[in-house]
Each structure stands twice: as structure tokens, then as C-alpha cells.
Amino acid sequence: MQAAKQKRSEFERQALVHLDSLYGAAYRLTRNARDAEDLVQDSLLRAYRFWDSFQQDSNCKAWLLRIVTNTFINEYQRKKRSREILDAASAEQDATDGVLVQESANQSPAQRLLAHSVSDDVQRALEQLPDDFRTAVILCDMQGLSYKEIAEIMQCPVGTVMSRLFRGRKLLAQALREFAVAEGYVKADVAKPDAAKPDMRDTLDLEKYRAQKSRTGGNRE
Amino acid sequence: MSLCESIDTLATAYLDDELAPEERHELDTHLTECTSCRAEIDGARADQSLIQSSLVAPRATDTMRMRLARSLDNADRETARAERKRMSAWLLPGSAIAAAAAAILVFVGVGVQSHHEHASIAKVAVKQIRGAQPFEVATPNGGAQVLAATFSPRVDDPSSRELERRRVSVNGHDGALFGYEITHNGRRAVLKLLVVTDLHDGEMIDGDETQANGRWVHVGQDQGQPFVTYVDAKRNGFMFTSDSLSADELIDLVGKTSLVGPQ
């Protein structure tokens, strides 16, 4: 019992202090408050279950963000899809056999209103990004993780992280400016003209740059 | 190779503070003499600061913190329970070990241990319905969603009729309470049905698990009044209770009712 109490207080002290950060990341990943809350709840319960496997000297926030990201990519998306199928199936069932029948399987007016107010410009802009780009941008620009930490979380080389960040930022900034123009916050001629064509060049790679430089750079120094 | 060729890579690493000091110094020097690279960096910096200021998200709410604490409490109890069962399994004869293991699976999430820090939603609701505890003040529009879902109370007894429907709040959860007059086993009875949404782990579960026509439900009681709860996959919770029906009769009713919560 004593061990269990200690585990709980350690978890609260080291993990739960990051709740705001985790919720922020989840909110931008899922793009709505309710899903974000579920994602954080599921992820933290999982983290609690595996708390013994957390290396005490490593970055707890990065470890938690890895769990949030994995849960989002691996399970959350799948669960969401199957939930939609279930919803459709149960709506059909209700229509045929209901004792307590619901008039409409669609969203209630209150839910529709909520869904509307939550989807602000930023969420709409994020929606246009591929998941990998969005995740990289969130982990870097919102959570301040290093390339190495992001590479570990996303299980890809650092060069890929950089490419995703580079492209993700261009696309996202472009979308944000377009929405700002559309809503009349910014005049069209103020929007960056070159943002219209996001650059799709080869993978950015600092390591490759360094390797090439060490081969050719000696004579310049 | 010139710095200009790799400016995308360098600008990204520069702004994210991932360059080595000497690389940074070299690029700084280069930027003083190269206008196009300077423009690249300025553009990337503008994008990044626009993104960073846009990505600020709402903070976690107190409700969320409370729910999380409750889930962790449940996880702690499950662990303790599994531990106890595991210990007792060693003391049982071989044939009973499998049964004990099955019992652990079945009882995950069930409040076997009496736990008084926060009573389940079911228990609180029954106290409210019996008048032993005042109804909580519902939030201004709370429960409207549940009522708006428009339940048609066609209980499969032609003489049943709806007595009431109202918005309620239980343990901070908004919901709706429906009252029906029904005939069951030849007796008139008043059946109360509570519907709440957005339940989290174990908030409603109270009592012993059993099956009602293929559906897993929990049967509990408060001061002798039985109640039966059911939580669907969408985290809508349903509770049946009556002051004139037995637990078995309630289970029978739950098994016969199609329970459809708000989406």
C-alpha cells in the first residue's frame, strides 16, 4: 500500500504538472476540446500504468508527449472511425426497434453550436496539414522539444523531422494568412506572396550538410 | 558548397537553435553580406512566430483535473484488488484459481471496496429522488442536450404513461430525469430513469455486476431502494430505480428496454 501511495505522489509531482501542456498538444492534434480531453485522460492513465518503466532521469514531458502522440496516431484515429460506424449502426437500430426512440441521430442544436465555436481559424488551418506535419510542428513550436526528442517520438530520422517542420510551417503559415485575409483581419496585399507556393524540395538534413561541408569546407577555412 | 544552397536547412536549424556555435557564427557572418539568405531567414522567422502565437491552446479545466484524479483513484483500487485476488488465488485449490482469475476480470471497475470519498452518481441520484438529499442546481443549459434528444416513452406496456421529465444535475453531471407510471407483474409502479452523459471511468458504476438480457449492468441499493445502472459505449449512463419494484424486476425492465442516449 505504501508503494502504491508513493507511486501516486511521484506521478502527480512529475507527470501531472504537465497537464496543461499535454492538453494543449492534444487540443491541437484532435482539434476539439472533447476529443482532446479523452485523449489526455487515456494517455495519462496509460502513463500511470507504465510509470514503473519511466526512466526517472529522462525528460518526463517528452515521455508523456510520446504517449499522447502514439495514442493519437495508433488508437485514437481508429477508435474514432469505429465510433462513427457504431453511431450509424445504432441510429439504424433505434429507428427500427426503439422503446426509447431518439428523434434524430444527428447532433443536437447545442452540440452543433459547440462544434462551431470550437473550430476557430487555427483549428481549420491545422486540419489542412497531414498528421505527420502537424505533429512535428506541435511538438516543436508549441512544446519546445528538440529535433532529437521529436525524432524519437515520431520514430524517424532528424532530417525527416526538419523536412516536416519546414513544410508544415510553410503550409500552416500560408493557411493562417489565408484565413486572416478571408476574415478581413489582414489585407490581401499584406499576405506573403511567396507563401502561395510552399517549397517542396528534397529532405532537409543537417547531418548531410555537415558531412558535405567537412568534405569540401576545409579549403575555405 | 555555399551556405546559400543549404539555406532552408540552415534557416530551420538556426531558428530552432539547433546549430553548433561555430555554425551559427558562420551563418551570422554570411547573413551580413547575403540579402537573399537574410530574406529567407526573415520569412521563416515570420512564419514561425505567427505559428507560435496561433498555437496557444486553452488550459486544462478543473473538471478535467477532477475526472483525472477520479480515474487514478479507480486505477489504484483496481491494482489493489488485483493484488488481493492474486494473493488469495495462491491459497485456493487448483480448480478455484481459474474462477478467481475470471472474477478479477469481471470485477475490474466495480466498486467492491466500500469507498465513501465520493458516492457514485447512481447513489447520489437515488438519494435526490427519494428526497434524502437536495437536488443540485443545474447549470443554466445543462441537461438540455439530453432532453433535446427527445425520448419517446413507449414502454411495451400500453398502459404506461410519462409522468415527468426534467433537467437535473448529479455530482456535477448534467442529465435528465424521466418518470413513468408502468404496470409490471400486475402491479402499478413508478419507474424513474436517469440519463447522464460524458461519464468517466467508474463514476456511475455501483454495486454488483450482472447480466440483463445480454447487457452488463450493475445492481446496487441505497437505504433498501434498489437501482440498476448501465453505461453504453458512448459514455451515456442510464439508471433505473423505483420504490415499489425489486432489484430483479428492475433488471428485467432494463433488459427489455432499448436504451439510446444522446449522441
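Of the 221 residues of chain A, 31% count as buried. Buried here is a cut-off: 20 or more other C-beta atoms within 10 Å of the residue's own, with 12 or fewer called exposed, anything in between called partly exposed, and the C-beta atoms placed from the backbone. For chain B, 33% of the 263 residues count as buried.

Before I go on, this is a predicted model, where local features need pLDDT of at least 70, side-chain atom pairs count only at pLDDT 80 or more, and totals for chains, interfaces and linings use all residues. Residues are numbered from 1 along each chain as its sequence is written, and chains are lettered from A and ligands numbered from 1 in the order in which they are written.

Chain A, then. Chain A has ten helices and one strand. Helices (H or I, at least four residues) and strands (E, at least two) are DSSP runs, numbered from the N terminus. From that end, the elements of chain A read α-α-α-α-β-α-α-α-α-α-α. Take the contacts in chain A between residues at least 6 apart in sequence: 70% of them join residues at least 24 apart. A contact means that two C-beta atoms, placed from the backbone, lie within 7 Å.

On confidence, pLDDT is the predictor's confidence in each residue, from 0 to 100. The mean for chain A is 76, and 67% of its residues reach 70 or more. Two stretches of chain A stay under 50. One is residues 95-107, with 29 contacts in the model beyond four places in sequence. Another is residues 111-119, with seven such contacts.

Now chain B. Chain B has eight helices and eight strands. Among its contacts between residues at least 6 apart in sequence, 60% join residues at least 24 apart.

Which order do the strands take in the open sheet of chain B? The order is β2-β3-β4-β8-β7-β6-β5, seven strands with antiparallel pairing. β2 (161-170) and β5 of chain B stand at the edges with a single partner strand each, so one side of each has no neighbour in the sheet. Neighbouring strands are turned by 25° against each other on average, direction ignored. Two strands pair if DSSP finds at least two bridges between them.

Strand β5 (residues 208-212) of chain B runs antiparallel to strand β6 (residues 215-222) of chain B, and five bridges join them. Across that pair, B:E209 stands opposite B:H218 in β6(B). β5(B) and β6(B) form a hairpin with two residues between them, and B:N213 in the turn has a positive phi of about 50°.

Moving on, β6(B) is joined to β7(B) by five bridges, again antiparallel. There B:Q221 stands opposite B:P226 in β7(B). In the loop between β6 and β7 of chain B sits B:Q223. B:Q223 is not a glycine, yet its phi is positive, near 50°. With 9 other C-beta atoms within 10 Å, B:Q223 is exposed.

As background, most residues other than glycine have a negative phi. B:D17 is another case with a positive phi, about 60°, and is not a glycine either. B:D17 follows α1(B), in the loop between α1 and α2 (21-33) of chain B. B:D17 is exposed as well, with 9 other C-beta atoms within 10 Å. In α1 itself, residues 7-15 of chain B, the buried residues are B:I7, B:T9, B:L10, B:A11, B:T12 and B:A13.

Which residues of helix α8 (residues 247-256) of chain B are buried? They are B:L250, B:I251, B:L253 and B:V254. Those four cover an arc of only 160° around the axis, which puts them on the same side of α8(B); the arc is taken from the directions from the helix axis to the C-beta atoms. They pack against β3 (173-184), β4 (187-196), β5, β6, β7 (225-231) and β8 (237-241) of chain B. The helix α8(B) lies across those strands, at about 25° to β7(B). Axes are lines fitted to C-alpha atoms, for helices over the stretch in contact, and angles run from 0 to 180 degrees between N-to-C directions.

Last, one residue in strand β4 of chain B, namely B:R188. Is B:R188 buried or exposed? B:R188 counts as exposed, because it has 11 C-beta neighbours inside 10 Å. Leaving out residues up to four places away in sequence, B:R188 touches B:E181 and B:T183. The C-alpha atoms of B:R188 and B:L245 are separated by 9.5 Å, with the two residues 57 apart along the chain.
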